[in-house]
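This report concerns nonpolar cores and charged side-chain pairs. The sequence and structure are shown below.

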Amino acid sequence: MKTLSRFWLSALLAVATPFAAQASDPSRYDDGARWAFITDKTSPRVAVIDTFNHRHVDTLSLSVIPSALEVSDVQDMLLYIDGKTPTVYVYDLIEKKHWTMAVDGVPQGIVVAPDGARLAVKLDDKLIMLEPLTGRYLETVPNLAKPYSINFDNGGYNLYITEQNSGRTLIWRVHDKATREIQLGSGGAVSEVTLSPDARLAMVGDLNKNKVAVWDLFMEQEFATISLDAKPWRPYVSSDSEHMILAAENGQGLVVNSWTGQTVKTIDFKDQTTEIRTGWLESIGVVATHSGLNVFNLTSDAPAQHFPLTAPLGDVVVVADSKTLFATQGDSSQLLVLDLRKETRLAPLETGLAKPNLIAMGLTNTICH
């Protein structure tokens, strides 16, 4: 009934209120591709950033300091945990209400399904599925050894649950709970898993072998194993699924064609790498190192643009149109902002927080990229 009431309320408002007034209402955050929510390390305050106009528009107060924060942009909620209590916290962005859902263990992570209606809660030895809007328990995926990397595919049809210390991956089909297993990597520790947007490939860093293992989900077999000179970071993939972006801790970078497995570009970042992102549709890669952010074209011979960092990089997000990157850094109250389309650094963005920490958005290309 709550969902139905919200639908009719929205419909009546649409008739009674001009669209321009709704669009300019600063308290409505129902466009997941526009609003970024920034947590603070020292308080439960959350800054709301308009990523279209690059400005701080609001500050919200949550119930606890989040250790993880997700946005259900379909149902206009912030979902979060504190890593200390057996609780999932919910904040309704439309009704401005707080509520909680108890679980039988301290959550170690949360993941929102693409439809926004289902939440996967990661516990020490199992996964619990909840329906945040109603607070209803749905089901449990049991018998897991420290589920580490949790990924819904783009359609929300399958959930991929990977154990950190083994690479054992359970594929759990959402609509009928059917399961099957695949082995990602050589049986030891792995990075988080990245799924290609076309749902064809699953890729993972094999941390003990200094390799990236790529599994073909259509053929149900390993597609490629790519060797690196040092321990790999979590691999990433372009938004058209055509290129994989790989980086090793020693500064080695590779761009690999996702269809052939052939290397199309090698890069030496000349510093220890820390993170990978992609942006500006299918064309741009971003690799962070200790000294700065490196922005490069995936296929051209043009050298990478290096943007020095004045403080250690924190959380990073690329907005849904893939034009702009936002990042927290050190104890700075400001966000780092890069225009990926023009490969330029923009003015920093003030959050009003003492120590900005996590960045959460709704429909962004960081889900699979």
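## A pair between neighbouring strand elements

In this predicted model, R168 has a relative accessible area of 23% and is therefore classed as partly exposed. R168 forms a salt bridge with E181, and the closest N and O atoms of the pair are 2.8 Å apart.

Side chains of opposite charge can pair when their charged atoms come close. The model contains 12 salt bridges. One of them joins K126 to D104, with 2.8 Å between the closest N and O atoms. K126 is located in the loop between β9 and β10, and D104 in the loop between β7 and β8, so this pair ties together parts that are 22 residues apart in sequence. With a relative accessible area of 54%, D104 is exposed.

Another salt bridge is formed by the side chains of K97 and E95, at 3.7 Å from N to O. K97 is partly exposed, at 47% relative accessibility, and E95 is partly exposed as well, with a relative accessible area of 33%.

## The largest nonpolar core

In soluble globular proteins, nonpolar side chains tend to be buried together. The largest nonpolar core of this model has 17 residues, of which L79, V88, I110, L119, V121 and L130 touch the most other members. At least two residues of this core are supplied by each of β5 (77-81), β6 (87-92), β7 (97-102), β8 (109-112), β9 (119-122) and β10 (127-131). The largest share is that of β5, which contributes 3 residues.

The surroundings of V121 may be described in detail. When its neighbours within four places in sequence are left aside, V121 is in contact with V88, P107, G109, I110, K126, L127, I128 and L130. Among these contacts is K126, the residue that forms the salt bridge with D104.

## A separate core

Another core lies apart from the largest one and comprises 16 residues. Its members include F37, L60, V64 and L93.

Methods:
Residues are numbered from 1 along each chain as its sequence is written. This is a predicted model: local features need pLDDT of at least 70, side-chain atom pairs count only at pLDDT 80 or more; totals for chains, interfaces and linings use all residues. Side-chain values use heavy atoms; hydrogens and water are left out. A nonpolar core is a set of buried Ala, Val, Leu, Ile, Met, Phe, Trp, Tyr and Cys residues joined through side-chain atoms within 4.5 Å. Buried means under 20% relative accessible area, exposed over 50%, partly exposed in between (1.4 Å probe, protein chains only). Helices (H or I, at least four residues) and strands (E, at least two) are DSSP runs, numbered from the N terminus. Contact means heavy atoms within 4.5 Å. A salt bridge is a side-chain nitrogen of Lys or Arg within 4 Å of a carboxyl oxygen of Asp or Glu.
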